[in-house]
Each structure stands twice: as C-alpha cells, then as structure tokens.
Amino acid sequence: MLNLTKPPKNLSGFQYLMQGCRLITRQGIKRFVLLPLLANILLLGGSFWWLYQKLGSWGDWILSKVPDWMQWLSYILWPLAVISILLIFTYFFSTIANFIAAPFNGLLAEKLEADLTGIPAPDTGVIELVKDVPRILKRELVKLLYYIPRALLLLLLYFIPVIGQTVAPVIWFIFSAWMLSIQYCDYPFDNHKVSFPTMRHALRQNKIDNLQFGATVSMLTMIPIVNLVIMPIAVCAATAMWVDRYRDKHAIHIMQKY
C-alpha cells in the first residue's frame with residue numbers, strides 16, 4: 001500500500017546530484033547507464049572539441065559589440081562573453097543528446113525507481129520500448145516548444161548594447177538551470193504519464209532546489225570529461241528526487257500504471 005503521508009527528504013538540488021553519482025554504480029542499474037552514456041560521449045564530446053577551437057574568436061566577436069566607452073571593462077566582459085557562449089552551446093547540444101537518448105533515459109529512470117522503491121518495474125522488452133518511442137519523442141518536442149520561444153526572446157537581449165554583455169548572461173544562466181531541471185526531472189514524471197504542465201507546476205513548488213540542481217548540471221556540463229558522464233548522473237539524481245518528493249503526490253498515476 002502506498003504511503004501518501006511520507007514527508008519529503010530535505011535534500012538540496014546539489015545533494016541529489018551527488019547522490020546521482022553513487023546511483024549510477026548501483027548493482028543492477030549500471031547496464032541501463034551505458035546507452036545514455038554512449039550517446040552523450042559521442043555527441044557532446046565531439047561538439048565540445050569543436051567548440052573549444054572556436055571559443056576565443058567568438059568571445060572576441062561579442063566584445064567587438066561593446067561600446068568604446070566600456071572597453072575598460074573588457075577584463076570582466078570577456079569571461080562573461082565566454083560563459084554565455086558555453087551556456088548557450090551547452091544547452092543546445094545537451095538538448096540534442098537528450099532527444100536522441102530520451103527512450104534510454106526514460107528506461108534508466110524507470111529501473112532506478114523500481115530499485116529505490118522495491119516496486120517492480122513493468123517488464124519492458126525491446127519491442128515495448130520501440131513502441132513507446134513516438135510517445136517519448138513527442139514529449140521531447142513539447143519541451144522544445146516550451147524552450148524555443150523563451151530562448152529566442154532571451155537571445156535578443158545579447159544584441160542590446162551593455163545589457164547583452166552584462167545582464168543577459170545572468171538571465172540565460174538562470175533560464176538554462178530551469179530548463180535542465182525540467183529536462184531531467186521530466187523522465188520519471190513522463191514514465192507515469194504526468195502531463196507536462198502538471199510536472200512544471202510540481203517543480204515550481206521547490207523552485208530554489210530545482211534551480212540549484214539545474215545550475216549544477218549546467219556548470220558540470222561545461223567541464224571537459226565530466227560533461228561526458230553528466231547525463232546518466234542527472235537522470236539518476238532527478239529520479240531520486242521524484243521518489244523522495246513527488247511520487248506520493250502523484251500516486252494516482254502510479255496506481256494506474258501498476
């Protein structure tokens with residue numbers, strides 16, 4: 001019988017991510033980590049190798065848009081320009097990698113949840129996984145449609161003198177943190193057919209912790225080598241958060257599934 005009154009654990013987003021580092025090595029879970037890990041290594045690893053060849057020239061181009069009277073701040077604005085490029089690039093290619101690996105990330109979240117709760121997961125074979133791919137990819141498209149108009153609006157800020165080199169990077173970082181939290185937390189929610197608006201509303205109830213979680217993922221994604229393994233770690237961390245904080249609140253979906 002489900003315990004609907006169990007209080008949520010008081011862990012921060014950072015602590016959940018650290019928990020995710022341990023969970024990917026859990027017995028019986030490691031084999032479900034391999035495919036998301038491979039997709040991340042191939043796509044994100046290759047794209048970051050290319051980015052680091054271009055980073056310096058792109059940073060200089062952004063600084064060329066700074067008015068002459070602000071050139072004395074270049075030692076501050078150049079790092080901000082580079083960070084902005086990294087944030088935009090990181091989320092763009094992370095989104096592509098997550099889109100490709102979405103069916104495997106969902107399966108990883110499902111198996112880990114079963115392991116954490118002791119409730120057996122449905123016996124998902126290859127045929128069942130293939131049949132579920134269209135629904136999973138449709139959910140990824142829903143996330144993209146939520147992201148794209150907001151991202152385009154924020155990108156316009158970069159073309160405004162002064163604001164584009166100072167305020168815009170900060171706003172983009174916060175927005176990226178929120179989107180990465182949505183991206184990874186959505187896997188366990190979607191496994192239980194919780195709607196996208198309901199999922200967003202649930203995450204807003206713990207917005208600070210979820211922003212902290214997304215911000216940490218964003219920063220780690222910018223670090224070479226670490227960014228190659230961050231995807232399965234983030235999926236496991238988000239699944240642990242789902243089990244602790246959201247699972248009981250959405251018990252109706254669990255009952256329907258089991």
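Hi everyone, let's start with a helix pair: helix 7 and helix 8 cross in a right-handed way (the near helix is turned clockwise from the far one by less than a right angle; helices are DSSP runs of H or I, at least four residues, numbered from the N terminus). This is a predicted model, where local features need pLDDT of at least 70 and side-chain atom pairs count only at pLDDT 80 or more, while totals for chains, interfaces and linings use all residues. Residues are numbered from 1 along each chain as its sequence is written, and side-chain values use heavy atoms, without hydrogens and water.

Back to our pair. The two axes, of helix 7 and helix 8, come within 9 Å and cross at roughly 170° (lines fitted to C-alpha atoms over the stretch in contact, with angles from 0 to 180 degrees between N-to-C directions). Helix 7 is therefore roughly antiparallel to helix 8, a label for angles over 145 degrees.

Now, what does valine 217 touch? Leaving out residues up to four places away in sequence, its partners are Leu17, Leu180, Tyr184, Ile230 and Ala234.

Val217 also takes us to the largest nonpolar core, as one of the residues with the most contacts inside that 53-residue set. Such a core joins buried Ala, Val, Leu, Ile, Met, Phe, Trp, Tyr and Cys residues through side-chain atoms within 4.5 Å, buried being under 20% relative accessible area with a 1.4 Å probe, protein chains only. Helix 8 gives the largest share of this core, 13 residues.

One last stop: lysine 193, in the loop between helix 5 and helix 6. Its phi is near 60°, a positive value in a residue other than glycine. Thanks, all!

Methods
Buried < 20%, exposed > 50% of the residue type's maximum accessible area, 1.4 Å probe, protein only. Helix = DSSP H or I, 4+ residues; strand = E, 2+ residues; numbered from the N terminus. Contact = heavy atoms within 4.5 Å. Parallel < 35°, antiparallel > 145°, perpendicular 65-115°, else oblique.
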